[in-house]
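Here is a short tour of one protein model, written to be read alongside the structure. Have the viewer open as you go.

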Amino acid sequence: MGSEEEPSQVQRALVDSLAGAISGGISRTVTSPLDVIKIRFQVQLEPTTTWGVLQRDVYGPSKYTGLLQATKDILREEGLPGFWRGNVPALLMYMPYTAIQFTVLHKLKTFASGSSRTEDHLHLSPYLSYVSGALAGCAATIGSYPFDLLRTILASQGEPKVYPNMRSAFVDIIKTRGVQGLYSGLSPTLVEIIPYAGLQFGSYDTFKRSMMTWNRYRYSQLNLGSEDDSVSSFQLFLCGFAAGTFSKAACHPLDVVKKRFQIEGLKRHPRYGARIESSTYKGMYHALKEIVAKEGFGALYKGLFPSLVKSAPAGAVTFVAYEYISDWIGSKAGVE
């Protein structure tokens with residue numbers, strides 16, 4: 001019996017991995033410009049709004065002071081390719097990340113529900129959806145973190161480049177920080193990813209269940225003789241959009257702290273503001289206190305607007321693409 005089930009488990013894992021990787025690659029490439037702007041804001045010590053510039057005089061003049069201004073500056077100084085700076089390591093990070101995440105998520109939900117059928121996973125309690133999402137997010141983060149670090153460094157540097165390519169950034173990190181440097185900022189990342197991934201997948205399942213309930217109610221009111229609760233692609237998009245917005249807004253301060261740890265002590269062109277010196281932050285709590293003390297409470301939400309503008313459609317695209325690609329590959333492979 002076990003030998004008969006094993007091939008289907010392997011096939012299911014391959015379907016989840018491939019669908020997750022493809023959906024992650026699509027989402028990542030489409031939303032890269034907003035991610036670049038978000039990272040520039042997050043690693044800038046100077047205020048990122050005109051109001052903040054007028055109110056505080058801790059650092060020098062700000063390079064970026066708003067979404068539109070940052071967009072125009074990057075386009076003028078770096079051209080269109082500037083909006084996809086760091087996209088190669090981002091794809092190398094995000095595609096295995098989503099592949100691992102969706103594979104582990106499906107495994108955990110199968111274990112919790114006792115069934116490998118996706119439809120049965122929707123009957124899990126919100127608590128189990130949250131825990132499954134959090135654990136899947138942790139596994140995916142650890143497996144793909146060095147590429148996340150390289151993506152942040154390349155996307156934050158601007159022009160003239162400090163690191164001409166991914167290899168030069170990698171070599172410099174090894175020289176200055178050692179191998180452990182490839183995992184700089186991992187602790188705050190894991191602290192961030194637990195609530196973020198949990199909220200993202202837990203709220204997505206909750207929104208999807210609510211949408212199915214609404215569809216059943218709508219069909220019963222129309223007296224069509226059937227209660228079709230299937231969710232349309234537009235409804236899936238709305239569920240993913242809402243889940244992405246909610247989870248990102250709740251966890252953004254931890255993402256700011258993570259980005260600071262990732263570029264701490266590395267080279268930075270003066271044009272893009274003050275450099276974050278080595279050992280500036282002694283830990284996550286210390287970093288939070290330092291950022292609030294020197295830059296104000298609003299600094300914990302630097303880059304929030306482009307982050308939300310990016311994360312909402314990114315979440316929507318990822319979930320919709322995954323659902324459809326997974327169903328298509330599964331039907332071709334004969335896997336439910």
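## The lining of the largest cavity

The residues lining the largest cavity divide into 10 nonpolar, 11 polar and 10 charged. Here Ala, Val, Leu, Ile, Met, Phe, Trp, Tyr, Cys and Pro count as nonpolar, Asp, Glu, Lys and Arg as charged, and the others, Gly among them, as polar.

This is a predicted model, where local features need pLDDT of at least 70, side-chain atom pairs count only at pLDDT 80 or more, and totals for chains, interfaces and linings use all residues. Residues are numbered from 1 along each chain as its sequence is written, and side-chain values use heavy atoms, with hydrogens and water left out.

## The space itself

The largest cavity holds about 490 Å³ of space. Of its 31 lining residues, Tyr94, Tyr97, Tyr196, Lys248 and Lys310 are the closest to the centre. A cavity is a set of points, on a 1 Å grid over the protein atoms alone, where a 1.4 Å probe fits but cannot get out; lining residues have an atom within 4 Å of a point. Volume is the space filled by probe spheres set on the points, which are joined across faces, edges and corners.

Several helices (DSSP runs of H or I, at least four residues, numbered from the N terminus) give two or more residues to this lining, including helix 5, helix 9 (186–221) and helix 12 (304–333).

## A closer look at helix 5

Helix 5 covers residues 87–113. Glycine 114 follows helix 5, and its phi is positive, near 75 degrees.

Key:
The expected span of a helix is 1.5 Å times one less than its number of residues. On a 1 Å grid over the protein atoms alone, a cavity is a set of points where a 1.4 Å probe fits but cannot get out, and a pocket is an open set with protein on both sides within 12 Å along at least five of seven lines; lining residues have an atom within 4 Å of a point.
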